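I set out to read this structure from the whole chain down to single contacts. My entries follow in the order in which I looked things up.

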Amino acid sequence: MTATHHTAPGAARHAAAPTPAAGHAAAPHDVVVVGSGIVGLGAALAAVDRGLSVLVVDRSAVIGGSTVRNFGHLCLTPQSGEARRHALAARELWLRLARDAGFWLSRRGTLVAARHVDELDLLDELALARTDRVLGDRPEIERLDAAELSPLAPVAPGAVVGGALLPYDLQVDPRDAADAIRRHLETRGVRFLTRTSVGSVSSGRVETSRGPIDAGTVVVATNHDLDQLLPDLADRHALERCGLDMLRVRADLVRPLVAPLLTGWSLIRYSAFAGTGAAEAVRSRLHAERPDLAAMDLNQMYTQLPDGSVIVGDSHRKGAAIAPFQDERIADAFLDEFRVLFGAEPVVTERWQGVYASGRDEFVVDEVTPGVLVTVVSTGIGMTTGLGLTEHVVGAHLDGGRDRALDPAAPTSTVTSTVSSPLTSPLTSPLTSPLTESLTA
Ligand SMILES: Cc1cc2nc3c(=O)[nH]c(=O)nc-3n(C[C@H](O)[C@H](O)[C@H](O)COP(=O)(O)OP(=O)(O)OC[C@H]3O[C@@H](n4cnc5c(N)ncnc54)[C@H](O)[C@@H]3O)c2cc1C
């Protein structure tokens, strides 16, 4: 059986569209994307932005993977290296998509609550090192004393010694945003084929549970399930699964949480923080003080959604498979830490487990065979970086080039990103707007 999907009306074919591999019929879709999470959506966006016909295939009926299970925290400043490059591109795409697709997006940055002076030392060190002003005139890390943090975060009196504001970071509601992006892409002619498993990919062809589909370019955006589709590649990158426990709570907080809130546990996790000289002192102290929290590989952080509820997390455990049984002691620890930091009683309204790919490096990027691109974020930063990753890798390929992520030894990218134009204006005073400020169409 051959699946029949035709180029969507209005989706003009790109003059330089790649031709199908020899031996296959003319491609009914210029690009077939496997996976409809944020990375697959980003690949579809990169293709439709170039006037190409796109089909996204997913075995699920709805977008339900990591992309809807996370904090919605687009944490640019805490990234370094390739992750920062992708996050910078992703930031512009998020701003554009929030406007065009009409979903809630907050531009109020990230807050860091420091509970020990060594955490302030770490923030100061990164602030001194981060001198480039690629996003605007404000520094990327603005140090706050405890009195300055207090109006921005509902922390209990005496709970913090100070902190920081990272003004360029963003926040979305992941459940709302992913569906809105999908609907927006559909209006632009992108087709979605759900409840359809992909069993193999090759140049110009995708074999699915509904039959083969011909494609000019194939993009694999399957997150941790790369190990099922391309097991040898997954093995080469030491890919495994990371399972996370999450809660959503309600609480009578003394004031709203203006922006996502990180803690010392986050400072020893994200690469820009963890790469400072001061990080080791923070890590040693936290691990010595709280071996119980260290054992669950805690990243104590919070995001407040527009309805006032707070997403609380998260723990991490890795392996080839993640047991579905969530240990209630982890939830108890989350709630205890919530009480200490906010001085408020949380009431749990939802619990869930998330899983993402975890590998030796932060990304698995490959062209496994001509025209078959793999774009997997192999650590917990896919919301921050995924749209930039695909713009760089898939966009460069469709433009006839090759992004440096496919060839890390290459000194520079061969293709200029197309995302620099839509929303390059610097941000102004992210903190002066009301909590409900959003970018909507
Ligand atoms: C609890 C949690 C909190 C997180 N918090 C953040 C955060 O605040 N900020 C941040 O930047 N990142 C965060 N992350 C990471 C981020 O959510 C992920 O990196 C990102 O969502 C990965 O997107 P994806 O599209 O690769 O994967 P997914 O959203 O999982 O999508 C993959 C899709 O591929 C489909 N698929 C797989 N195999 C096949 C196949 N063979 N055939 C057909 N379909 C297939 C699946 O059905 C799925 O829909 C968090 C992750 C978790 C779990």
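**Entry 1: the chain.** I note at the outset that this is a predicted model. I counted the secondary structure and found 14 helices and 20 strands. The chain has 441 residues, and 51% of them count as buried. I then turned to contacts between residues at least 6 apart in sequence; 76% of these join residues at least 24 apart.

**Entry 2: the ligand shell.** How many residues surround the ligand? I found 41, and I recorded Gly35, Gly37, Gly65, Gly354 and Gly382 as the closest. I next sorted the shell by residue class, which gave 16 nonpolar, 20 polar and five charged residues.

I also asked which elements supply at least two residues of the shell. These are helix H1 (38-48), helix H2 (66-69), strand S13 (240-250), strand S18 (347-358) and helix H14 (382-398). The largest share, four residues, comes from H14.

**Entry 3: helices H3 and H6.** I examined how helix H3 (residues 81-102) packs with helix H6 (residues 174-187). Their axes are 9 Å apart and form an angle of about 70°. An angle of 65 to 115 degrees counts as roughly perpendicular, and H3 and H6 are therefore roughly perpendicular to each other.

On the H3 side, the contact is made by Leu97, Asp100, Ala101 and Gly102. On the H6 side, Ala180, Ile181, Arg183 and His184 take part. I classed the residues of this contact as four nonpolar, two polar and two charged.

**Entry 4: Ala259.** I located Ala259 in the loop between strand S13 (240-250) and strand S14 (261-262). Is Ala259 buried or exposed? The threshold for a buried residue is 20 or more other C-beta atoms within 10 Å. Ala259 has 28 C-beta neighbours inside that distance and therefore counts as buried.

I then listed the contacts of Ala259, leaving aside its neighbours within four places in sequence. The partners are Ser106, Arg108, Gly109, Thr110, Leu111 and Gln171. I also looked up Asp169, which is 90 residues from Ala259 along the chain. The C-alpha atoms of Ala259 and Asp169 are separated by 9.0 Å.

Key. Residues numbered from 1 in each chain as written. Predicted model: local features only at pLDDT ≥ 70, side-chain atom pairs only at ≥ 80, totals over all residues. Buried ≥ 20, exposed ≤ 12 C-beta atoms within 10 Å, placed from the backbone. Contact = placed C-beta atoms within 7 Å. Near = placed C-beta within 6 Å. Nonpolar A, V, L, I, M, F, W, Y, C, P; charged D, E, K, R; others polar. Axes fitted to C-alpha atoms, helices over the stretch in contact; angles between N-to-C directions. Parallel < 35°, antiparallel > 145°, perpendicular 65-115°, else oblique.
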